[in-house]
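Open the model in your viewer and keep the selection tool handy. We will walk through it one stop at a time.

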Amino acid sequence: MDSELIQQIRNQARDLLESGTVKGVIGYERASDGLTARPAFVYELAAVERLIFDETCTHNLVIYLRDKKAEKMAIVVKPCDSRAINLLLNEKQIKRETLFIIGVTCPGVVETSWNYKGQTLQARCQTCQLSKPLVYDFLVGHEPVEWPKAVPYLNVQEMENKSIAARRDFWLGQFERCIRCYACRQVCPGCYCPECFVEQLDPLWVGIRIAPKENELWQIMRAFHLAGRCIGCDECERVCPVDIPLSLLNQKLEKKVKELFDFQAGLSPEEQPPLATFKKEEKLGFEE
Amino acid sequence: MRWLDQLLQERILLAPVRVEGLILFQPVSKVEEVALDFGNTTFSPKEWFLPPTETLFSMQRNDGQPQLVPSMVEKDVVIFGLRSCDAKGIALMDGPFLREPADTLYQERRTRTSLIGLSCRQAQPECFCTSVGSAPNDSSHVDILLTEIEDGYIVQVITDKGKALLPQALVESEEALPPPPELQAVPTKQVTQAVREFFNNPYWGRLADRCLHCNICAYVCPTCYCFDVRDYSNKGSLERVRSWDSCQSAGFTRIAGGYERRATKGARLRQRFSHKLLYFPEEFHDIACVGCGRCVKSCPVNIDIREVMSDLEQLEAKSGS
């Protein structure tokens, strides 16, 4: 654990709370297994000591900003999380002036689950192109150290090399296990619809049946709603109780959007996402 | 274990099976498929009594006349390898599902299912069954209980239903039952009273800050049983479908007109604990938690029911009650 980094976060939190600049600080604290981390909400000075930061801090805390729009909040943000902030700023879901962003030069996080801490960095960290958050008010941590990054989309290419039938068999087999807990949706910064399509009754897109056909529709439509918007935190995959490889699905669409539009979500709060934008010079698929 | 193959002749045998990284109760066709070295299954066996989705009944129109087609339970079932906590979970679900008027589908499944339990020789870090009225080797709610020993299993026949499963008389064992593993204690004595007393405490809103309001805790829990019912119609036929639902999801209390009784995260999170620790015991005289720890293990943001119970006891102690 980097105690200097943690002290910096706590000092910043203390200053912000004492001065009344923020109502609360959203950060990380130790989980009940004594090993991993969990999101922490600190509203009082006495609780500042609970804040930590280490390689188990995998959670994307940006999702909690959507519930705290009324107050100014401080938030601890990793580089990947900062892309989520840009996404939500761009889509007008949060206001910059309500945030105090404590950015962390993150050295990567490991795979964690209850009472388990992995030894190697998560796949998303191994391919991460960012060494510090893209947006912040205060930066904590050491000078970012460059380490050789893995080539992205190798797992996507491996799947692309398989036949359509093989791919279909693979994904339908995965979706069969889905129990529609919607943890993937709830943990995703990009999923903020007040009424998700899957909850709509009129028109009834999916319905309540927890069964393969409905699961398939749910999974594929959510992936498509995130095309060009997913910022690759892979939290959906971590939270899935039945181990569906959601990051593989999302990365396929991310790769496609990158190839077609040379665009990746969350790199800037200004750049318009391609699937929400129409440019006259884009081909319409027929001769004009 | 060969004996299990014999049971397969006229019955469906459900047993823990390794599926990718999970351990799931699945129908098996031979004993080799059964996983015997596991902590606990990813999902509780409740899904075999209250399936994630089922058709309650369907209706068809024949010659202009509506005809009701009730759902049937096909075969007798044996569930092998369930833990004592999960067996207690089923017994707790009997409260709401078997009291008059009984849920006939649940009732039929329950009558036609035999339970072969497997004692825990080891506890998992999330286990706390001894704090909520169960034990790693509790035989109260199974038909047969197996306890693994060095060269086999000690078999305890608990009920007549269990006796009927055995092909022939077993050898009387001289072996004593090994002691069950030690478990951490969770304070539960005053938890019902505490939930009642601290209903309006800001504790719930604070705890709910990190809750995702997904359905994981309710779905992995052996005793959560909320469901949604919807009719699907198609060209003169109708199907009434029941599926799992959870009090945690955002629209759970939304009614016609858009009003939501539990509009806030804190109210929804409080509901799950209130149901399990207060309302259920008020009606059925036992808290609806069996200490399996699945919610603790599966919650993506570490909302830990043991911590909640301990926090509530502390609130109770501070208030001087």
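Start by selecting residues 246–261 of chain A, which form helix 9. This is a predicted model, and in it helix 9 of chain A has 16 residues. From first C-alpha to last, the helix reaches 23 Å, close to the 22 Å expected at 1.5 Å a residue.

Now show side chains for the buried residues of helix 9 of chain A: A:Leu246, A:Ser247, A:Leu249, A:Asn250, A:Gln251, A:Glu254 and A:Val257. What do these buried residues pack against? Bring up helix 3 (123–126), helix 4 (154–160), helix 6, helix 7 and helix 8 (235–239) of chain A, and you have the answer.

Select residues 212–225: helix 7 of chain A has 14 residues and reaches 20 Å between its first and last C-alpha, close to the 20 Å expected at 1.5 Å a residue. Colour A:Glu214, A:Asn215, A:Trp218, A:Gln219 and A:Arg222, which are buried. Look down the axis of helix 7 of chain A: the buried residues fall within an arc of 130°, so they line one face of the helix. On the other side of this helix, find A:Lys213 and A:Phe224, both exposed. The cover over the buried residues of helix 7 of chain A includes helix 5 (164–176) and helix 6 (183–187) of chain A.

Now show both chains and look at where they meet. Here 34 residues of chain B are in contact with 25 residues of chain A. On the chain B side, the elements giving two or more residues are helix 7 (216–220), strand 9, strand 10 and helix 9 (294–298) of chain B. By class, that side of chain B has 14 nonpolar, 9 polar and 11 charged residues.

For the last stop, stay with chain B and display its open sheet of 4 strands, ordered 4-3-10-9 with antiparallel pairing. Strand 4 (65–70) and strand 9 (227–234) of chain B each have a single partner strand, so they stand at the edges with one side left without a neighbour in the sheet. The twist from one strand to the next averages 20°.

Finally, zoom in on strand 3 (residues 53–62) and strand 10 (residues 237–244) of chain B, an antiparallel pair joined by 6 bridges.

Technical notes. Residues numbered from 1 in each chain as written. Chains lettered and ligands numbered in written order. Predicted model: local features only at pLDDT ≥ 70, side-chain atom pairs only at ≥ 80, totals over all residues. Pairing = 2+ DSSP bridges. Axes fitted to C-alpha atoms, helices over the stretch in contact; angles between N-to-C directions. Expected span 1.5 Å × (residues − 1). Buried ≥ 20, exposed ≤ 12 C-beta atoms within 10 Å, placed from the backbone. Arc of directions from axis to C-beta. Contact = placed C-beta atoms within 7 Å. Nonpolar A, V, L, I, M, F, W, Y, C, P; charged D, E, K, R; others polar.
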